[in-house]
Amino acid sequence: MPTPLILLPPSEGKADGGDGPCWAVADQSFPDLAEQRRVVVRALVEAMGAPSEDRSKLLGVGMAKAEEATATNLVVDSAPTLPAIQRYTGVLYDALDYPSLPASVRRGVDRQVVILSGLWGAVRPTDPIPDYKLKMGAALPGLGRPARFWKPALTVALAEASSGTVWDLLPNEHAAAWDPAIAGRRIRVRFLDDVVKNGERTLVTVSHWNKLLKGALVRHVVEHGLDDPEGLVGFDHPEGYAYDPSLTRIDGSTTDVALVTRR
């Protein structure tokens, strides 16, 4: 059976340090993206020479954090690396809890998950990357927004990597970095709270805990080899969200599904 891809965003939080070789000499899953990576790295390093206020705005952090991020970005070409699955430490990756997975499921995550990054384009969980700070929606001087820069190359790379079905678990700014037309089937997932509002029950999109909720979903999709949303029937989400087929919407090759819990 063909193996579906699972597209994830990186995390803002990242582990420090590493003991792997610098990214340019390390083995990577998408070697054809190397030249584009060098272009973005150069643009990022050059941008770190701007006044602190400009760097703070570019990186989306406060002034104190901007100095720390600047120091990290200036050595990104020579810094030691960690596998991406260890580098990224945000809530989605905490919920996925990769180290706790059985070896067979970890291999599935390594094979199926692709992380779209403003700096690296696309990496798989085992790809070695250094610490860095750059959002997909940032505007780099001379290059523009990484999502727009990466879109042509990432569309080709994902077309070559995909067997047809793609679980698109990306936020909007990362989803803009590829063309979903290359997917035979694109599946997007919403988490909804069924709540009482003004005396009536209504569905409200979950935003704050979205990444946390997706971590458990990734585990389930990989463990069960799902390439169809119907496989979510009976999914026992740890936060109580359940697949509601009545809310599924299909538009061309895109299928939007919903997981709902009652509050």
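Modeller: What follows starts with the ring pairs and then turns to strands, helices and a few loop residues.

The model is a predicted one, and side-chain atom pairs count only at pLDDT 80 or more. A pair of aromatic rings is described by the distance of the centres and the angle of the planes. Rings pair if their centres lie within 6.5 Å, and by this rule the count comes to five aromatic pairs. One of them joins W23 and W120, whose ring centres are 5.2 Å apart and whose planes stand at 55°, so the pair is tilted; planes have to be under 30 degrees apart to count as stacked and over 60 to count as edge-to-face. This pair links distant parts of the chain, since W23 lies in the loop between β1 (5–8) and α1 (34–47), while W120 lies in the loop between β3 (113–117) and β4 (121–123), 97 residues apart. Buried means under 20% relative accessible area, so W23, at 4% relative accessibility, counts as buried, and W120 counts as buried because its relative accessibility is 1%.

F191 and Y241 form another aromatic pair, here edge-to-face, with 5.5 Å from centre to centre and 90° between the planes. Again distant parts of the chain are linked: F191 belongs to strand β7 (residues 185–197), and Y241 to the loop between α9 (210–223) and β9 (242–243), 50 residues apart. F191 has 0% relative accessibility and therefore counts as buried, and with a relative accessible area of 3% Y241 is buried too.

Returning to the tryptophans, ring pairs link W23, W120 and Y132 into a cluster. Y132 also has a lysine over its face, for K14 lies there at 4.5 Å from the ring centre.

The strand β1 comes next. From β1, L5 and L7 point one way and I6 and L8 the other way, and all are buried. Strand β6 (residues 165–168) runs parallel to β1 and is joined to β1 by three bridges, with W167 of β6 as the bridge partner of I6. β3 also pairs with β1 in the parallel sense, over three bridges, and there the bridge partner of I6 is V113.

Among the helices, α1 packs with helix α7 (residues 146–161) at an angle of about 170°, their axes being 11 Å apart. Angles over 145 degrees count as roughly antiparallel, and α1 and α7 are therefore roughly antiparallel to each other. The α1 side of the contact is made by Q36, R37, V39 and V40, and the α7 side by F149, W150 and A153. An α-helix has 3.6 residues a turn, so residues three or four places apart point the same way.

A crossing of another kind is found where the axes of helix α2 (residues 52–59) and helix α3 (residues 63–74) come within 9 Å and cross at roughly 85°. That angle makes α2 roughly perpendicular to α3, the range for this class being 65 to 115 degrees. On the α2 side, S52, E53, R55, S56 and L59 take part, and they meet M63, A66, E67, A69, T70 and N73 in α3.

In α6, the buried residues include V105, G108, V109, D110 and Q112, and what covers the buried residues of α6 includes β1, β3 and α9.

Some loop residues remain. D97, in the loop between α5 (91–96) and α6 (103–112), has a phi near 50°, a positive value in a residue other than glycine, and at 34% relative accessibility D97 counts as partly exposed. N198, in the loop between β7 and β8 (200–205), likewise has a positive phi, near 55°, and N198 is exposed, with a relative accessible area of 81%. G144 is found in the loop between β5 (128–129) and α7 and is partly exposed, with a relative accessible area of 25%. Leaving aside neighbours within four places in sequence, G144 is in contact with A138 and A139.

Definitions and conventions
Residues numbered from 1 in each chain as written. Predicted model: local features only at pLDDT ≥ 70, side-chain atom pairs only at ≥ 80, totals over all residues. Heavy atoms only, no water. Phe/Tyr/Trp six-rings, centres within 6.5 Å; stacked < 30°, edge-to-face > 60°. Helix = DSSP H or I, 4+ residues; strand = E, 2+ residues; numbered from the N terminus. Buried < 20%, exposed > 50% of the residue type's maximum accessible area, 1.4 Å probe, protein only. Lys NZ or Arg CZ within 6 Å of the ring centre and 35° of its normal. Pairing = 2+ DSSP bridges. Axes fitted to C-alpha atoms, helices over the stretch in contact; angles between N-to-C directions. Parallel < 35°, antiparallel > 145°, perpendicular 65-115°, else oblique. Contact = heavy atoms within 4.5 Å.
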